[in-house]
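Here's a quick briefing to read with the model open beside you.

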Amino acid sequence: MMRLNRLDLNLFLVFDTIYTERNLTRAAERLSLTQPTVSNALARLRHALDDPLFVKSGGGMQPTSFAESIAGRVSDALTLLQSASLKAERFDPATSRRIFRLSVLDLHDAELLPDLVQDLSHRAPGVELRVLRLPRAELPKALARGTVEIATDIPLRDTTNLSSQIVAKDSYVCAMRPGHPAGSQELTLDAYLELKHIHISSRQQGAAAVDIALRRRGIRRQFGLQMQNYYSVVPIVLGTEMVVTLTRDLARRFGLQARPLPLAVKPLEIHLYRHIRSDGDAAIDWLFSRILDLSQSSGQRSESSS
């Protein structure tokens, strides 16, 4: 059996990063190393474990069967080591240079990020945020592996070993340009179905909450446009007769006229997630708490303005 004192444990950090990124260049960037250094480390680990570990495929690196068999245990061990070191580390937001990685639901980023960035510019001017949007099914594993440290999303099916708090809850409305003909009268179900809708989903065939409610009645709405995010929807809605179903708060932020939906749709509920292995990481604890506080303040402002 190989003795650990004969093996550089940093090689397992390289292994874990390559396994996550599936690309040597991205792994080197994430580790702040040169690509030849990462390649050399991989070669040493290949020799020590007597396995190729990764093979080139389609411009990336695919793990071997042996690499797949040890990846989870390596990740768990690295997470425990990181947690042990961070628990003893004092976090001072005013002087920290920490990089935080967040996955934020697109329905939530317009509400969260402006307040969070402004808050951090005063309380923690040296920290850096890296915000991305991971597929929902990947979030539990990404939080466990530390690919992201905090995430916001709708309620997840798999919350094993995740800590969560509700940070936003809002009803859906039908949003349209100010002066739209449908905005001057009661929006009945028949009138709603006659409108052309913008359907927004990150998935090619994703169904929105309103579509699920409509399908229960055996009916569908008609689409004029399908998009994957909300960033470009405002000028389209303002310049056309199309409407979009989104949350009341987003309609208000975007300056759109909102009409109540003519059918019952479960309100959007957004949760804030982190992995239980981050318990004791003072930096993640602090940022998690700041997001909770900011979300509560934002909710109070929304209620007072509605």
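This is a predicted model: local features need pLDDT of at least 70, side-chain atom pairs count only at pLDDT 80 or more; totals for chains, interfaces and linings use all residues.

Buried here means under 20% relative accessible area, exposed means over 50%, and partly exposed is in between, using a 1.4 Å probe and protein chains only. Residues are numbered from 1 along each chain as its sequence is written, and side-chain values use heavy atoms, with hydrogens and water left out.

**Overall picture**

- The protein has 11 helices and 12 strands; these are DSSP runs numbered from the N terminus (helices are H or I, at least four residues; strands are E, at least two).
- Its C-alpha trace spans about 75 × 45 × 30 Å along the principal axes.
- Among contacts (heavy atoms within 4.5 Å) with a separation of 6 or more, 73% are between residues 24 or more positions apart.

**The five-stranded sheet**

- The order is β9-β8-β10-β7-β11 in an open sheet with mixed pairing, where two strands pair if DSSP finds at least two bridges between them.
- β9 (222-227) and β11 (257-260) sit at the edges with a single partner strand each, so one side of each has no neighbour in the sheet.
- From one strand to the next, the twist averages 40°; angles run from 0 to 180 degrees between N-to-C directions, and axes are lines fitted to C-alpha atoms, for helices over the stretch in contact.
- β7 (residues 172-176) pairs with β10 (residues 243-247) in the antiparallel sense, over four bridges.
- In that pair, Ala-175 stands opposite Val-244 in β10.

**A look at Gly-224**

- Gly-224 lies in strand β9 and, at 40% relative accessibility, counts as partly exposed.
- Leaving out residues up to four places away in sequence, Gly-224 touches Lys-196, His-197 and Met-242.
- Ile-198 is 26 residues from Gly-224 in sequence, yet their C-alpha atoms are 6.0 Å apart.

**Helices α1 and α2**

- The axes of α1 (residues 10-21) and α2 (residues 24-31) come within 8 Å and cross at roughly 125°.
- Contact residues include Leu-13, Val-14 and Ile-18 of α1, and Leu-24, Ala-27 and Leu-31 of α2.
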